[in-house]
Structures are given as C-alpha cells and as structure tokens.
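Please keep the sequence and the 3D view open while reading.

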Amino acid sequence: MQKYSKFFIDGQWVAPALSTPSLLAVIDPATEEAFAEIAMGTKEDVDLAVKAASKAFETFSKSTVENRIFLLDAIRRGLEERREEIAQIISREMGAPITFAREAQTFTCIAHVEAMIDILRTYKFEESLGTTQVLKEPIGVVGLITPWNWPLNQVICKVIPAIAAGCTVVLKPSEIAPLDAIIFAEILEQAGVPAGVFNLVNGDGPTVGDAISRHPDIHMVSFTGSTRAGIQVAKSAADTVKRVTQELGGKSANIILRDADLEQAVATGVTVCLSNSGQSCDAPTHMLVPAEHYEQALEIAAKIANEAVVDKPSNASTEYGPLASRIQFDKVQTLIESGIQDGARLVAGGLGRPDHLAVGFYAKPTIFADAHENMAIVKEEIFGPVLVISPYDTEEQAIDYANSSHYGLAAYVQSGDKAKANAVARKLRAGSVFVNYPHWDVMAPFGGYKHSGNGREGGPHALTEYLEIKAIVGYGA
C-alpha cells in the first residue's frame with residue numbers, strides 16, 4: 001500500500017508537525033478496499049503553510065504577467081506529460097470510468113490552464129476612470145478547499161487563477177480523493193513555481209479546513225462542497241473578515257418546452273444527469289415536461305436508464321462507475337428509499353447495486369415520477385444517479401417550479417426555438433443556464449444564486465475573484 005506521509009510546504013516535501021500523525025486510508029470505491037494512506041494535517045501544519053505563503057507573497061505578488069504566463073505554461077506541459085497517470089489515479093480514488101477520466105476529468109484541467117494563459121495575455125490590471133487610476137492587485141494568501149467529485153478540476157479552477165493573479169496558496173484537497181492533488185503538487189514543483197507560492201496540507205474539514213477558514217493571515221477562502229459545509233466555512237471565516245467565495249449544492253431543473261424534440265431532449269437530459277454517476281453539482285436532476293407528453297417522457301427516460309452501462313471503472317466501455325465513498329452510497333440509498341416510501345412512482349432503478357455487481361459503491365440509475373414538491377427527492381441534492389421527472393401545464397408554471405428551489409446553481413432549457421429558449425433562460429434564477437445542451441465553454445463563469453453560493457469560477461471572472469480593487473483618486477488630475 002502506497003503511503004503519502006508528507007505535505008508540500010515552502011517548496012519542499014515535509015513531515016507533518018505531529019511526530020506520529022493520524023493516517024487515513026484512501027478507499028477504491030470499486031472494490032471497497034484501501035489502496036493508499038495519507039497523513040492528516042493539523043492546525044500547526046496550516047500555520048507553517050500560511051507562514052511560507054505569506055513570505056512568498058512579498059515577492060510573488062510583484063512578479064510580472066509574463067513570468068506568471070511562463071509558469072502556467074510549464075504547469076500545462078506537466079499536466080500533459082502526466083495526463084494518463086492523473087486519469088488512472090482519479091479513476092481509482094473516486095470511481096470515474098477510465099474513459100470519462102481521460103476525456104472529461106483531465107481534459108477540463110488542461111483546458112482551464114490554457115484558457116487562463118490566454119486571459120492573462122490581454123487582461124487589464126489597470127484602467128483609468130475620470131481622474132482615478134483603478135488597480136487590480138492580488139488579494140494575498142488564499143486558502144482553497146476542494147471536493148472529491150471533480151477533484152483535480154476543482155483544484156485547478158482555484159489554484160490556477162490564484163497564481164495568475166499573483167496570490168500565494170494553501171490548498172486542502174478532499175481527503176476522499178487526495179492523490180491527484182499530490183501529483184499536481186509535483187507538477188508545480190517541476191514547473192519551477194517559487195517556494196511558498198503553492199502549499200498543500202492534507203486533512204479533514206473540521207481540522208485543516210477550519211484552520212484555513214479561521215486563519216488571520218489568510219485573506220480569502222474559496223470553498224467547493226455542500227451547502228452545509230459552506231455555511232460553516234463562512235461562519236469560521238467571519239471573525240477575520242476575509243473574502244469567502246463558495247460553489248455549493250444544486251438541484252437543477254431541466255425545462256423541456258413543447259416545441260422541443262421530446263425524444264432527443266429527454267434522452268440527452270437523462271444521460272447528462274447520470275454523467276459522473278450523478279456526482280456533479282450542476283447535474284439536471286429535475287426534468288420538467290409538458291403534461292401531455294409526461295408518460296412518453298417517462299418511457300424514454302426509463303429506456304436510457306435501464307440500458308446504462310454501470311460497471312468497473314477500469315473497463316473502457318463503462319459509462320458509469322461507483323459512487324465515490326460509502327458515505328455517499330448510503331446517502332443516495334437513503335434518499336431513494338425516502339422517495340419510494342413517500343409514494344413517488346419508481347420508473348427505473350431503485351435500491352441496491354445493479355445485479356451483476358456484488359462489491360463496490362454502485363447505485364442503480366434511478367428515475368422517479370409523480371413526486372410532489374415536499375418530497376426529499378425533489379428538494380434535496382441527491383448527488384447520485386437519480387432523476388425526478390414532473391409534468392407542467394404552462395410555461396410559467398415550469399419557470400416558477402424551477403425557481404422555487406432554494407438552490408440556484410444551474411438550469412437547463414430545451415426548445416426548437418432558440419429565441420424562446422433564451423427568453424425562458426432570462427427568467428431563471430440560476431448562475432448558469434444551459435440552452436439545448438450546448439458544448440462546454442471554458443470561458444463561462446460558473447457559480448450560483450441563493451444557497452448555491454457566491455463568487456464565480458472559470459474564464460476571466462475566476463481571475464477577478466482573486467484581485468482587490470485599489471482606486472488612486474487624482475492620479476490623472
């Protein structure tokens with residue numbers, strides 16, 4: 001079993017502050033067996049990392065844009081060189097099918113770095129407004145807390161714009177899927193990122209995450225995870241009045257308008273919902289269809305779910321692998337059971353593993369119908385391969401239903417009339433609205449309304465989050 005007993009602090013791999021640190025097993029969700037161990041950090045480890053980041057900020061914050069572009073390009077090359085290794089470790093630590101890990105989980109990482117390089121080439125860090133010169137300066141030391149569902153993607157969505165802005169970083173990756181971040185630290189080391197600019201401390205949320213959130217010398221915290229945990233991060237950060245950005249939960253509606261191609265819209269909607277085994281915060285998990293097409297939509301959805309290839313992540317033909325952990329598996333099973341007990345109609349899937357899989361945290365692709373708005377499967381983020389389909393009578397009813405959620409991360413609209421779809425999109429209270437299942441846009445800002453968080457990742461908006469605004473009034477007088 002591979003042991004990862006060191007943290008990356010001040011440009012070196014160092015032993016934890018505790019002489020006998022706590023160790024945590026990293027579980028392969030396909031086998032339910034441990035295949036690695038990581039050391040768990042403490043407040044003292046965070047203090048050392050923050051001290052290194054604070055010292056490095058004094059010089060790195062003054063680095064040139066050209067220097068930062070050079071570093072990002074070196075990081076990009078490192079990611080390309082170790083792309084297959086990253087895909088393999090993501091597949092093993094959180095269960096992503098290997099084809100998906102290669103084509104999605106690692107592809108987005110490289111695309112984000114390439115996009116930030118392009119952004120830096122033209123980004124204006126200064127502008128004149130009247131007699132005032134407005135400067136955009138790096139905010140300082142940033143603490144980054146990332147999740148397990150898109151593990152390296154979320155690390156890169158935070159670390160890369162932070163470095164591009166001239167900030168220094170203390171990262172706590174998910175303890176469920178931490179190994180990709182260790183590879184990433186090695187890539188940054190090889191790329192020549194100056195000592196102290198990037199620091200990695202493994203650990204759990206209540207210990208390392210809380211220490212980062214509370215630390216007086218961290219000027220910003222960026223967190224991705226559950227709404228419950230995000231609230232705690234904000235509370236912990238409040239006493240030091242640091243900036244807090246959060247990308248939290250979602251319960252995204254998918255409105256299929258009457259003029260949409262029903263079969264294509266429903267089939268694609270199910271496939272997108274099930275992607276990554278439903279473990280994406282912007283998954284379209286509540287489909288709204290015209291009442292007169294309701295039963296037909298259920299038949300289409302059931303066929304897609306029943307034909308889904310759920311199998312071992314190592315198989316190239318596998319479409320959907322296991323859920324990432326026992327905790328997540330149990331949560332999904334509990335919510336499926338609640339839907340059944342509450343009287344929702346089970347159209348496909350249900351409790352337990354697929355019949356051909358005796359071991360692993362695999363869940364059946366599940367479709368529910370006839371669910372009322374007070375059911376947990378309608379209100380809560382399930383974060384598994386579960387879709388609820390509901391009928392609507394009028395377009396306004398569908399919009400109201402979509403906007404009634406206390407989440408507001410994403411929404412989806414399908415229509416044969418692009419102008420109509422765009423008009424509906426404008427009425428939805430969500431940070432991202434996807435019209436007719438568009439191709440992924442690396443430049444699109446990503447983040448939520450309401451309980452889905454604040455702040456944005458992706459494109460130039462990501463860079464802006466790590467900058468402070470200084471106005472020199474009278475500069476041009």
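A crossing is left-handed if the near helix is turned anticlockwise from the far one by less than a right angle, and right-handed if clockwise. By that rule, α2 and α4 cross in the left-handed sense. The model is predicted: local features need pLDDT of at least 70, side-chain atom pairs count only at pLDDT 80 or more, and totals for chains, interfaces and linings use all residues. Residues are numbered from 1 along each chain as its sequence is written, and side-chain values use heavy atoms, with hydrogens and water left out.

**Overall**

- The chain has 15 helices and 23 strands; helices (H or I, at least four residues) and strands (E, at least two) are DSSP runs, numbered from the N terminus.
- The radius of gyration is 23 Å, which agrees with the value near 23 Å for a compact globule of 477 residues. It is taken over C-alpha atoms, and the globule rule is 2.2 Å times the number of residues to the power 0.38.
- Along the principal axes, the C-alpha atoms fill a box of roughly 65 × 60 × 40 Å.

- Helix α2 (residues 65-81) packs with helix α4 (residues 98-122) at an angle of about 165°, their axes 10 Å apart. Axes are lines fitted to C-alpha atoms, for helices over the stretch in contact, and angles run from 0 to 180 degrees between N-to-C directions.
- The angle makes α2 roughly antiparallel to α4; angles under 35 degrees count as roughly parallel, over 145 as roughly antiparallel, 65 to 115 as roughly perpendicular and the rest as oblique.
- Residues of α2 in this contact include Val-65, Ile-69, Leu-72 and Leu-79, and those of α4 include Ile-110, Val-113, Ile-117 and Leu-120. Contact means heavy atoms within 4.5 Å.
- The contact of α2 with α4 holds ten nonpolar, no polar and six charged residues. Ala, Val, Leu, Ile, Met, Phe, Trp, Tyr, Cys and Pro count as nonpolar, Asp, Glu, Lys and Arg as charged, and the others, Gly among them, as polar.
- Helix α3 (residues 83-94) packs with α4 at about 120°, with axes 9 Å apart, which makes α3 oblique to α4.
- The crossing of α3 and α4 is right-handed.
- Among the residues in contact are Ile-86, Ile-90 and Met-94 of α3 and Ile-98, Phe-107 and Ile-110 of α4.
- The contact of α3 with α4 divides into eight nonpolar, four polar and three charged residues.

**Three-stranded sheet**

- Three strands form an open sheet in the order β1-β5-β4, with mixed pairing; two strands pair if DSSP finds at least two bridges between them.
- At the edges are β1 (2-4) and β4 (23-28), each with a single partner strand, so one side of each has no neighbour in the sheet.
- On average, neighbouring strands of this sheet are turned by 30° against each other, direction ignored.
- Six bridges pair β4 with β5 (residues 33-39) in the antiparallel sense, and Ala-25 stands opposite Glu-37 in β5.
- α3 lies across β4 and β5, at about 100° to β4.
- Helix α6 (residues 179-191) also packs on the sheet, touching β1, β4 and β5, and its direction makes about 50° with that of β5.

**Seven-stranded sheet**

- An open sheet with mixed pairing has seven strands in the order β15-β16-β17-β14-β13-β19-β20.
- β15 (345-348) and β20 (432-435) are the edge strands, each with a single partner, so one side of each is left without a neighbour in the sheet.
- β14 (residues 286-290) and β17 (residues 386-392) run parallel and are joined by five bridges; Pro-290 has Tyr-392 in β17 as its bridge partner.
- Helix α11 (residues 326-341) lies across β15, β16 (366-369) and β17, at about 30° to β16.
- Helix α14 (residues 418-426) lies across β13 (253-256), β19 (410-414) and β20, at about 165° to β20.

**Hairpin**

- β6 (residues 126-129) and β7 (residues 132-138) run antiparallel and are joined by four bridges, with Leu-129 opposite Thr-132 in β7.
- Two residues lie between β6 and β7 in this hairpin, and Gly-130 in the turn has a positive phi of about 65°.
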